[in-house]
Amino acid sequence: MSLTHTTVSSVPGLPAGRVVIAGGPGSGKSTLLQALAESGEICYEESSRVLIREQVAQAGRLVPWGDLSAFAHECSERMRAQLRDSARHGRCFFDRGLPDLIGYLSHGGRSAPDAWRAASRAYASVVFFAPPWREIFVNDAERPQSFVEAQQLSAHIHRAYEDCGFQLVELVKSSVADRRRQVLDWLDAHQRRVDHG
């Protein structure tokens, strides 16, 4: 997903306007991010998906089902690089945030470094969460999980965001256009509340 320039300013009360779209595998996050990018928003693609694609292409082991800890560490480096890059923008959207990695590790019975929780404070305090949705869930080479496994992982990710102190807004199970409208309308309503005190 390419970065698209926009003149939209940061949303007061949402740190640097760094808005995360989170959720389990196959829940429609990336499709929503693509729609937001096409409407002129700055969007950062999913670091974990990019890494998996790279590793699958070269038969590497830096995948969640290969070496989960090393995979999560590399993803964290890429996510923090995205955060650093986002400092030059106003509002922008992320396909997953660092708490997603905390959830991945928790699901695998591992703990995450405290530094990831600290770095997560750079994101907006409100996260849009895509719940498990069987009707749109599909497997592919980069997503070998079953729907049941995706549900379990989603629960761990959801808990990780709550444990990190984020407010979660659940995305509707509706069209991409409806989801995009939900996100932008919520942010616009928040902006109006801030503007009017």
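Helices (H or I, at least four residues) and strands (E, at least two) are DSSP runs, numbered from the N terminus. The model is predicted, so local features need pLDDT of at least 70 and side-chain atom pairs 80 or more, while totals for chains, interfaces and linings use all residues. Residues are numbered from 1 along each chain as its sequence is written, and side-chain values use heavy atoms, without hydrogens and water.

**Exercise 1. Find which helices each supply at least two residues of the lining of the largest pocket.**

Step 1: A pocket is, on a 1 Å grid over the protein atoms alone, an open set of points where a 1.4 Å probe fits, with protein on both sides within 12 Å along at least five of seven lines; lining residues have an atom within 4 Å of a point.

Step 2: The space in the largest pocket is about 390 Å³, a volume being what is filled by probe spheres set on the points, which are joined across faces, edges and corners. There are 24 lining residues, and closest to the centre are Ser-30, Glu-46, Arg-49, Asp-95 and Arg-143.

Step 3: The helices are H1 (29-38) and H2 (47-57). H2 gives the largest share, four residues.

Step 4: Sort the lining by class, with Ala, Val, Leu, Ile, Met, Phe, Trp, Tyr, Cys and Pro as nonpolar, Asp, Glu, Lys and Arg as charged, and the others, Gly among them, as polar. You get nine nonpolar, six polar and nine charged residues.

**Exercise 2. Describe the lining of the second largest pocket by class.**

Step 1: This pocket has a volume of about 200 Å³. Its lining includes Pro-64, Trp-65, Tyr-104 and Glu-149.

Step 2: Helix H4 (98-107) and helix H6 (147-163) are the elements that give two or more residues.

Step 3: The classes come to six nonpolar, three polar and one charged.

**Exercise 3. Work out how H3 and H4 are oriented to each other.**

Step 1: Axes are lines fitted to C-alpha atoms, for helices over the stretch in contact, and angles run from 0 to 180 degrees between N-to-C directions. For H3 (residues 68-86) and H4 the angle is about 170 degrees, and the axes are 9 Å apart.

Step 2: Angles over 145 degrees count as roughly antiparallel. H3 and H4 are therefore roughly antiparallel.

Step 3: Look at the contact (heavy atoms within 4.5 Å). Among its residues are Ala-72 and Met-79 of H3, and Leu-101 and Tyr-104 of H4. The contact divides into nine nonpolar, two polar and one charged residue.

Note on methods:
Angles under 35 degrees count as roughly parallel, over 145 as roughly antiparallel, 65 to 115 as roughly perpendicular and the rest as oblique.
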